[in-house]
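Thanks for coming. Please have a look at the model on the screen before I start.

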Amino acid sequence: MRYQLSMTDEIRPGPDIATLVEVVRRLRDPVTGCPWHHKQSFETIAPYTIEEAYEVADAIARGDLDDLRDELGDLLLQVVFHARMAEEQHAFSFGDVVEAITRKMIRRHPHVFADKDRQLSPSEVKGAWDRIKADEQAERAAGRPPAEAAHKSFLSSVKTGQPALARAMELQRKASQVGFDWNDPRAVLHKIREEADEIETALDRGDAGALAEETGDLLFALVNLARHIGADPEHALRGTNAKFERRFSYIERALAAQGRSLESASLDEMDALWNEAKIEE
């Protein structure tokens, strides 16, 4: 498949992926391209990639399909951008990325692409995916030098690059597979209270390092509670963020109706308006 246009071709918006690949190639050109785009690296672009993934999730949560289309385009741009930087280093191209994921999807779905008569339930599909993935990882490990193929932790399969909330959830799920888990959400709630007490002790000592560590422990325990009650901590926090914005906006509107600004209001006044917003909801 041809993913690259000639430098003399006029670029017009269209559904062909080659157009986007060429746009990024020209933006990255050190002579005729964009100075900002040319100076970027994998490291500087990575935060934007994460941000765009969150924007996709936000559009889905809002049920805004027009926005979802645009945000998926922004996320696709990130993939093309990373692939272009890799191609400049003679590592791989966008076509290689497409080929790799296509091969993986075919390999991990033999019930669709090989044994088409085989009927699997969703849980069986997930089990087959995990087994094939484990086999692939074992093959890669066998091909590495001895130093790299050393024993790894049971938790090593949990990806390090995902957001902290998601990774905390996955670490806990993985550990639970071998019985390292609580059986009662109330036990987790007790742990949350214990972590909160430790934060108070750190506050009394004025120990900034311990405060940061204990706050992390509290967040980890809260994720554990969310897992035990079947809640997605990321989704729950997004909902709370939206609620905070909604109630704070009520405070702004109420003060504006009085001809006042946020800066002119006391904390007690804003808190009273906050409670009004809660009642209206």
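Predicted model: local features only at pLDDT ≥ 70, side-chain atom pairs only at ≥ 80, totals over all residues.

Residues are numbered from 1 along each chain as its sequence is written, and side-chain values use heavy atoms, with hydrogens and water left out.

A salt bridge here is a side-chain nitrogen of Lys or Arg within 4 Å of a carboxyl oxygen of Asp or Glu. The count by this rule is 22.

Take Arg238 and Asp58: their closest N and O atoms are 4.0 Å apart. This pair links distant parts of the chain, 180 residues apart, with Arg238 in helix H11 (residues 233-257) and Asp58 in helix H3 (residues 42-62). Helices are DSSP runs of H or I, at least four residues, numbered from the N terminus.

Another salt bridge joins Arg62 to Asp67, at 2.5 Å between the closest N and O atoms. Both pairs belong to a network of salt bridges that links Asp58, Arg62, Asp64, Asp67, Glu234 and Arg238.

Now to Asn224, in helix H10 (residues 208-228). Is Asn224 buried or exposed? Asn224 counts as buried because its relative accessibility is 7%; buried means under 20% relative accessible area, exposed over 50%, partly exposed in between, with a 1.4 Å probe and protein chains only. Its side chain makes a polar contact with the side chain of Arg227 at 2.6 Å; such a contact is a pair of N or O atoms within 3.5 Å, and within protein one must be able to donate a hydrogen and the other to accept it, while residues adjacent in sequence count only if both atoms are side-chain atoms.

Definitions and conventions:
Helix = DSSP H or I, 4+ residues; strand = E, 2+ residues; numbered from the N terminus.
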